[in-house]
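Morning, everyone. Please bring up the chain on your screens, and I'll walk you through a few parts of it.

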Amino acid sequence: MNERPAEPAAAAPDDGEPASYDIPLPAGLAAAISRDWEPAPRMAHPADRHEAGIAPGAATYGRNRAALLQRLPGRTLVIPAGQGSTRANDTEYAFRARSEFSWLTGETVEGAVLVLGPQHSDTHASSAGQTATLYIREYAGAGEVGYFTNRQHGAIWVGNVPSVLETAAVLGLTVRPRNELGRDLRALDRTTTLAITGFDPVVDTVLAGVAAGELPATIDELRLTKDDWEISQLQAACDATAAGFADVAAELPVVLAAGGGRAERWLEGTFWRRARMAGNDVGYTSILASGAHATTLHWWRNNGDPAEGQLLLADMGVEMDSLYTADVTRTMPVSGEWTAAQRTLYNAVLEAQTAGIAEVKAGADFLAAHRAAMWVLADHLHHWGILDVPADVACASDVEAPGAGLHRRYTLHGVSHMLGIDVHDCSRARDELYRDGPLGAGYVLTVEPGLYFQPNDLTVPAEWRGIGIRIEDDILVTDGAPVNLSRGLPREPDAVTEWMRDAQAERPSPA
Ligand SMILES: [Mn+2]
């Protein structure tokens, strides 16, 4: 008895489903329109960023694949990019490939699948002893009916997406048409295959019952260490992010004059324009929080109006075409001048962040930056009379001790997370290698302490309620001093307002 799942039905010609409002296309007309085309003009592969030829990150992706195979010897690994997701009816959300897939390939196209390992096929052997095959969908091109009837995979609808041959040339990988995927997956030895399921219908059908096992954690643990090319991508993301923050600062006088009721969204759109210009997108939904909105940690509604005398907390990051993203926060006075109270609180957060960044070095605990920053904030809170216990009591390592952790009412969150292709990178790495582990050279993490006085917190002086401040930078771990990748944005309060004035004196330009 055959235990394998039934073969999926042979695919019909991929002509796409008509929408209810499409004008009917009789078969004779479709055939007539299909004739007399030359091949459509080529669209560049998104990884072909600098010049024609192999993608600049290809060596990195090849090393990533080799490192993964070395950790999982004898295994065949099946890793899908994922499928598009429906927004409503026949409209889709913008597709973003799954991060572990892009980390292994540099590819970002919807419906792609990577099969990696020694078991796959002798005929597909590529560099460094890998047998790596990337399966991508062939879009309906000139001469096929689907060219103009298939709204998801027809070139007239979605562009002349790079072909199998073009993709192979840019990524330096063996690339096969996706319609061969089912056949090739069925040829795998299921007992030695690990597959990430739940994201691709062909993988799920053919490899039903095959587990991912150690695969997700192993990938995320390898992703902890960034190589020079990955660091260059994160640096580029930070630089583009700095330009986007300047765009936002330059718009502040405009929104103060114009108002409009939801000016936080004008600023959100201002940053998004920069993200689309310099990279792929924002790496996460931008937070533009004016006044008391800054005390809501994930203020994504962005439907407020910055006002004179308030602070604006902006937490934003540009994601590059490679999907590496920045994650930066600055808090600035909307009118360009700090009040005395704002400056006092801001300086406390800055001191905490500086103390945290100083702890970021190879061999140090991941949590050392958090502990240093928390002690500084607890000490200030105690001296301001807000926290009843001194910092040493509040920051006791015994979390059950009386008074331990009382500062957390105002600091709310940990100060660090890993950063890379995901804004919260490497989240499936085991605790002993991430949260409870030592930092390694090449790790990149945020240091982002904050102080948040809720507008309804009776333990805080009335004039301080509704103030929220966070400062966040992206820090590269080395064997020596930490490297602040987001140093293009100032942190000192007077430098922040000087930077705002400079930004406002220059019109933003696309360059
Ligand atoms: Mn962050």
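Leu-134 sits in strand β5, residues 132-136. Strands here are DSSP runs of E, at least two residues, and helices are runs of H or I, at least four, both numbered from the N terminus. This is a predicted model: local features need pLDDT of at least 70, side-chain atom pairs count only at pLDDT 80 or more, and totals for chains, interfaces and linings use all residues. Residues are numbered from 1 along each chain as its sequence is written.

Is Leu-134 buried or exposed? Buried, because 28 C-beta neighbours lie inside 10 Å. The cut-off for buried is 20 or more other C-beta atoms within 10 Å, with C-beta atoms placed from the backbone. Leaving out residues up to four places away in sequence, Leu-134 touches several others, including Leu-114, Leu-171 and Val-175. Contact means C-beta atoms, placed from the backbone, within 7 Å.

Now the domains. Domain 1 covers 27-220 and domain 2 covers 228-505. Those bounds come from an automatic or database domain assignment. Between them, 13 residues of domain 1 are in contact with twelve of domain 2. On the domain 1 side, α3 (99-105) and α9 (215-222) each give two or more residues. The C-alpha centres of the two domains lie 36 Å apart.

Last, two helices. The axes of α10 (residues 228-258) and α11 (residues 263-278) come within 9 Å and cross at roughly 150°. Axes are lines fitted to C-alpha atoms over the stretch in contact, with angles from 0 to 180 degrees between N-to-C directions. So α10 is roughly antiparallel to α11, a term for angles over 145 degrees. Among the residues that meet are Ala-240 in α10 and Trp-266 in α11.

Technical notes
A residue is buried if 20 or more other C-beta atoms lie within 10 Å of its own, exposed if 12 or fewer, and partly exposed in between; C-beta atoms are placed from the backbone. Two residues are in contact if their C-beta atoms, placed from the backbone, lie within 7 Å. Angles under 35 degrees count as roughly parallel, over 145 as roughly antiparallel, 65 to 115 as roughly perpendicular and the rest as oblique.
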